Amino acid sequence: MVASPSHLRRSHSIAPLLFLLPALVFLAVFVVWPIVSSIQLSFYNWNGITATRSFAGMENWKTLLADEIFWRALRNNIVIVIFSIAIQMPVAMGLAVLLHRGGRALKLFKVVYYFPMLMSTVAIGVLFKALYDQQFGAINPLMIRMGLPSFAQDWLGDSRLALFSVIVVICWQFIPFYMILFLARLMSIPVELREAASMDGASGGQYFWRVELPQMRGILATAMTLSLIGSLKYFDLIWVMTEGGPSHATELMATYMYKQAFSSFRMGYGSTIATAMFAIVMVAAMTVTAVAQWRRAEAG
Amino acid sequence: MKSRAALLPIAAIWLLIAGLPYYFMVQSGFKSQFELLTAPFWALPKKWTLDNYRTVLAGSFVHSLFNSLVVVSISVLLILTCASMAAYAFARMSFRLNRTLFTVVLAGLVIPVHVTLIPVYLLTTRLGIYDTLWALIGPYVAFNLPISIFILTEFMREIPRELEEAATMDGAGPLDIFWHVILPLSRPGLATVGIYNAVALWNEFVFAYVLTSSPARRTLPLAIWDYQGQYAANIPLIMSVLSLSALPLIFIYVVAQERVTSGMMAGAIKG
């Protein structure tokens, strides 16, 4: 056999195509074509029911740029991104270190910590909606019992509190995920480093800041990227808990798009919001990737 | 180490934060509606009742469970088939568009499902499969292919090339190699991808919400949604629905803790 220049076997046959075909068909029909179609629909006015759709040119896009609710939704998405990262990362890191240091003693704790990940987002939304309820919820009685009556609030009904209340639930749901992610990375750091550090008289805190944290940089960046992209796409939990209300206080790009398309039957404008959302997520993802590559290049 | 004892209070606080909602959910499910409203919310039921569970199990819940099982099984099977074939091509074959196509597939990792929602809904109605379980399978497979292909490609790249070369010497074609060499050696990767997708699809909401409407076609997350719409005031009943719906995943987690953890993390580690 002649050694091929590449380490891969060069196939001149149609074999690669045949192996790729099933996946490509699914992706073409249910991902690529719908994206193209959404972009196209964003230039039309259509209720989704009648046979005719009317070409609207840039009208929907002009509406979008002047639509205060859309900007509010985008702002809410960004608030969720910021708070998700600012709360989840440190807490998840702290818990991961805790479980790592605690070792076997905390094994049972770890099982309970993992619980929130085992519930569907819908179930979590329904559960917390019940807990937050002003009349029948369990959080307000708890606050009163703990001597904090001013913390008995209409958590989801008050437009000043609703977004905050929802962010708390998002953190509750996702902290375990990042915790396990960080824990796995911590466990892969060689034990020798720890032994060497303690022989040099390093305290637990010093060891974390000087040895563990620098090792976690990569996984931390991954976690933040996941949190960023995930937060921009957020829908299920908010839809279940507030449907974007009260008076758009928790409106997100995704909930607003859903309402326009499937409640108001403005398929054209719904597509415009969806396309804008798509563009924003892609730009965010590409920026993060570019920054990561640039930093890798900097590091040599 | 002295710090270990100091960690315990923090550990206990998070134990409460993570555990209390679960505690409320499980114990409320065993209360009567009257007791929930008259006795303290956080107290255990004075009289444990199974009435809520009876009501739920007599309703459409079991049917939804079955729907979820069907949709998830078919989808995961299709994902594993398509993704392993594609991953084999990406990991083991050299063709002109290999890198380009792989990058395009990776871009699929970040695409929000919402940008496809309207066209997929329109396509589904036009095909006459709106409000059937079939409507869900296409989007379910397509949206989970990128991550699955990614994980399996990484996995197959690690398989020693010598085995494949030996098979080629014996005159095996690509299909033989895929079937007899690559697939059997990819079993751990397939298990990880299978669990990851099964969990994700078991909990999927948006597509099921948009593409189905009648109770007989609802999957589990949608059954929960319907219950809370129908029985909004009956918190014990809703809590029993939530407890029941959490059971399958908790059961699988207890049986195969490490696999589930690595399966659920799979998307993140390299992504």
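Biologist: How far apart do the C-alpha centres of domain 1 of chain B and domain 2 of chain B lie?
Modeller: This is a predicted model, where local features need pLDDT of at least 70, side-chain atom pairs count only at pLDDT 80 or more, and totals for chains, interfaces and linings use all residues. Residues are numbered from 1 along each chain as its sequence is written, while chains are lettered from A and ligands numbered from 1 in the order written. In chain B, an automatic or database domain assignment gives domain 1 (1-49) and domain 2 (60-269). Their C-alpha centres are separated by 34 Å.

Biologist: Which element gives the largest share of the side of domain 1 of chain B that touches domain 2 of chain B?
Modeller: Eight residues of domain 1 of chain B are in contact (C-beta atoms, placed from the backbone, within 7 Å) with seven of domain 2 of chain B. Two elements of chain B, α1 and α2 (33-38), each give two or more residues to that domain 1 side. The largest share, three residues, belongs to α1(B).

Biologist: And which helix of chain B gives the most to the side that touches chain A?
Modeller: Here 70 residues of chain B meet 73 residues of chain A. Thirteen is the top contribution on the chain B side, written as 13 residues, and it comes from helix α1 (residues 3-28).

Methods:
Two residues are in contact if their C-beta atoms, placed from the backbone, lie within 7 Å. Helices (H or I, at least four residues) and strands (E, at least two) are DSSP runs, numbered from the N terminus.
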